[in-house]
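Take a look at the model below. This report goes through a handful of its residues, one group at a time.

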Amino acid sequence: NIGLRQFLRMAKAMKNNIVVGFLCLLCIAYTPAFAATINASPAESSVMFRLNHDLGYTVGYFNNFSATLDANDDQSQIVSANIQVKTDSINTRNAIRDEGLRSSLFLETGKFPQAVFESTKVEGDQVSGLLTIKGIVKPISFKLERDSAKKKIVLKGSFNRHDYGITYNPVMAHKKKIIGDRVELIIELNIHAG
């Protein structure tokens with residue numbers, strides 16, 4: 001026969017084991033499952049910007065960039081994103097303008113060779129995060145659009161270039177500034193697995 005004390009010790013140990021087991025099950029149930037990190041295909045992706053000026057719009061691209069995404073198991077939902085852009089790869093299809101954009105008046109690519117977006121929160125169709133340009137870090141929010149047929153996601157956002165110390169803006173004879181302050185940013189990422 002087991003004594004009362006020994007019985008109580010055994011009951012307590014069993015109770016503790018049951019509690020620990022239950023907590024483990026809870027942790028498993030509430031731990032999100034992630035697929036392997038997806039590297040966006042550069043051949044089918046793009047980082048584009050657009051801003052207005054006195055004659056309309058300037059549209060440009062960055063030819064050299066990388067993007068990695070984390071998604072849930074079936075890749076139906078993006079969980080996080082990291083995009084790194086080589087600033088000297090800017091291309092507006094105008095060599096003279098591109099050299100100006102690489103200069104200290106704009107991106108200062110010799111000193112700041114990289115611009116980075118790092119997400120901090122993905123909720124529904126909103127992706128919030130931090131955008132770093134010229135070493136300056138500011139919050140930004142993108143609208144997220146998904147094209148499941150083409151396995152592509154599109155991020156659309158905008159920022160004020162003055163927030164990043166890009167303030168150059170010659171004034172024309174009629175005192176109108178030539179370059180707009182708001183920069184639209186459109187990032188298309190192909191996310192074919194593998």
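Leaving aside its neighbours within four places in sequence, which residues is Y57 in contact with?

## Y57 and its contacts

The residues are R50, L51, N52 and E184. Contact here means heavy atoms within 4.5 Å. Y57 sits in strand 3. Strands are DSSP runs of E, at least two residues long, and helices are runs of H or I, at least four long; both are numbered from the N terminus.

Y57 is partly exposed, at 48% relative accessible area. Now compare sequence with space. Y57 and G180 are 123 residues apart along the chain, yet their C-alpha atoms are separated by 9.1 Å.

## How the model is read

The model is predicted: local features need pLDDT of at least 70, side-chain atom pairs count only at pLDDT 80 or more, and totals for chains, interfaces and linings use all residues. Residues are numbered from 1 along each chain as its sequence is written, and side-chain values use heavy atoms, leaving out hydrogens and water.

## T58, in strand 3

T58 also belongs to strand 3, which covers residues 56-62. Is T58 buried or exposed? T58 is buried, because its relative accessible area is 9%.

Its side chain makes a polar contact with the side chain of H53, at 3.2 Å. A polar contact is a pair of N or O atoms within 3.5 Å; within protein, one must be able to donate a hydrogen and the other to accept it, and residues adjacent in sequence count only if both atoms are side-chain atoms. Beyond four places in sequence, T58 touches F49, R50, L51, H53, T92 and R97.

## T109, in a loop

T109 lies in the loop between helix 2 (95-102) and strand 7 (114-123). T109 counts as buried because its relative accessibility is 11%. Setting aside neighbours within four places, its contacts are T87, D88 and R102.

## Two positive phi angles

Most residues other than glycine have a negative phi. R93 is not a glycine, but its phi is positive, about 60°. R93 is in the loop between strand 6 (90-91) and helix 2. With 69% relative accessible area, R93 is exposed.

K134 is not a glycine either, and its phi is positive at about 55°. Where is K134 placed? K134 is in the loop between strand 8 (126-133) and strand 9 (136-147). K134 is buried, because its relative accessible area is 12%.

Definitions and conventions
Buried < 20%, exposed > 50% of the residue type's maximum accessible area, 1.4 Å probe, protein only.
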